[in-house]
Amino acid sequence: MAVLDERDANVGAWFVSPSNLRVGLDLDGSLESLGNSMTDLADALDRTGECDLVRFRSRTSATNNETHLALRALWSPLWRRSRGRSIDGLLPPVDVLHVAGLATPPTHNIPLIVSVDDLRPLRGETRTHLRIAQLRRAVQRGATLVASSRSASHEVISVLGVARSRVVVVPPAVPHVDVTRDGTDLVVNITGVDDLFVELAPQLISFAQGHGSRVVALASTAAGQKIRSSGLAITIRARHDARDALANARVVMHLSDGARFPSFAIAALSAGVPTLARATEINRELLEGAAALFANDHEVRDALEEVWTNGSRRSIMVAAGRSRAVDFAPDTAARAYLSLYHEVVRGWTS
């Protein structure tokens, strides 16, 4: 998928010599249940051979082939406020800096790109957090913000009160997963809608048991505790078990509040697992036509029955899902980000 910037459909049409494009990439970025999407992006950028990559970590210790930041532990808390020492002198020379985590370090002579993959800190109930003020400071110094979808970009622009020209859209890299074969579980990925899942659980359990299956819930620690306390007959798995859960899924249900990019749902499409999801704005934008979307609770049972038992429908969904997932593969994301890096460098130096 190309850079979906509503300002200019031809992002990256100009040319900068690849040998001159040096990219600083913070690996302490977007962490997903399937892995660190920034590491996947870094590996894909290396495969292009079109940029020189400087890998570093803003919050944790550097490992092999990564640049060590002197006094990182001292500066990192300030970087969470977009304050403190400029990172320019702590890195080898780079032309553009890309971060996606909690740190937005100040820069003097390097354009900064900040991926905003999680909208939860921007929403009303968390406005006391640092993220809004942090991102506003970064934009005031010239940073470009990257939203994971058009619907997410509208929310970022509205909450931060920044110009549309400061926010572009590039989906994050969704890690490669193996094709699922002969899965038997109904796997439900729960993100920010614990109460909704508990309400739906009795009919999900009834459906699964009626088909000789079980409900497996991928949940945070807090959500898992809530589900356990309900006494429901559900197998609960931690998010770091997402790959194993997906490998045993016959159908995936993605239940989310729409605050994060639906990486697990897209990974399920890539694995050839028919997927259901709530008809949220972001899911309609990214999943419609590849996943089955439901608008209210009353539609869930019928949608599950169709996707579980209808062989023709399943075959169509598997083919459509795999095709859609290509749009979010690491190599696709790398190409889109390369175009954005070129555009941002050009704007910074012109």
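I call a residue buried when its relative accessible area is under 20%, exposed when it is over 50%, and partly exposed in between, with a 1.4 Å probe and protein chains only.

**Ground rules**

I am working on a predicted model, so I read local features where pLDDT is at least 70 and side-chain atom pairs where it is 80 or more, while totals for chains, interfaces and linings use all residues. I number residues from 1 along each chain as its sequence is written, and my side-chain values use heavy atoms, with hydrogens and water left out.

**Entry 1: G24**

I went to G24 and found it buried, because its relative accessible area is 0%. It lies in strand β1, residues 22-26. My strands (E, at least two residues) and helices (H or I, at least four) are DSSP runs, numbered from the N terminus. For contacts I take heavy atoms within 4.5 Å. Not counting residues up to four places away in sequence, G24 touches V54, F56, V94, V96, L97 and H98. I also looked up L112, which is 88 residues from G24 along the chain, and the two C-alpha atoms are separated by 9.5 Å.

**Entry 2: the whole chain**

I stepped back to the protein chain and got 12 helices and 14 strands. Its radius of gyration is 21 Å, close to the 20 Å from the globule rule for 350 residues, so the chain is as compact as a globular protein of that length. The radius is taken over C-alpha atoms, and the rule is 2.2 Å times the number of residues to the power 0.38. I boxed the C-alpha atoms along the principal axes and needed roughly 65 × 40 × 40 Å. Of the 350 residues, 55% are buried. I then took the contacts with a separation of 6 or more, and 65% of them join residues 24 or more positions apart.

**Entry 3: aromatic pairs**

I pair rings of Phe, Tyr and Trp (its six-membered ring) if their centres lie within 6.5 Å; planes under 30 degrees apart are stacked, over 60 edge-to-face, and the rest tilted. I counted three aromatic pairs by this rule. One I looked up joins F207 and W308: the ring centres are 5.5 Å apart and the planes stand at 85°, so I logged the pair as edge-to-face. F207 sits in helix α5 (residues 194-210) and W308 in helix α10 (residues 300-309), so the pair ties together parts 101 residues apart in sequence. Buried or exposed, I asked of F207? F207 is buried, at 0% relative accessibility. W308 is buried too, with a relative accessible area of 5%.

**Entry 4: around α10**

I stayed on α10 and checked E305, which lies in that helix. E305 is partly exposed at 32% relative accessibility. Beyond its neighbours within four places in sequence, E305 is in contact with F207, H211 and N310. E305 and H211 are 94 residues apart along the chain, with their C-alpha atoms separated by 9.6 Å.

How do the axes of α10 and α11 cross? I have α11 as residues 311-325, and its axis comes within 6 Å of that of α10, crossing at roughly 85°. That makes α10 roughly perpendicular to α11. My classes are roughly parallel under 35 degrees, roughly antiparallel over 145, roughly perpendicular from 65 to 115, and oblique for the rest. The residues making the contact are E306, V307, W308 and T309 of α10, with G311, R313, R314 and M317 of α11. By class I noted three nonpolar, two polar and three charged residues in it. Nonpolar means Ala, Val, Leu, Ile, Met, Phe, Trp, Tyr, Cys and Pro; charged means Asp, Glu, Lys and Arg; the others, Gly among them, are polar.

**Entry 5: positive phi**

Most residues other than glycine have a negative phi. I found N65 with phi near 65°, a positive value. N65 is in the loop between β4 (52-56) and α2 (72-79), and at 77% relative accessibility N65 is exposed. L71 has a positive phi as well, near 60°. L71 lies in the loop between β4 and α2 and is exposed, at 54%.

**Entry 6: N248**

Last, I looked up N248, in the loop between α7 (242-247) and β12 (249-256). N248 is partly exposed at 39% relative accessibility. Its contacts, leaving aside neighbours within four places in sequence, are T180, G183, T184 and D185. I get 32 Å between the C-alpha atoms of N248 and R150, which are 98 residues apart along the chain.

Technical notes: Axes fitted to C-alpha atoms, helices over the stretch in contact; angles between N-to-C directions.
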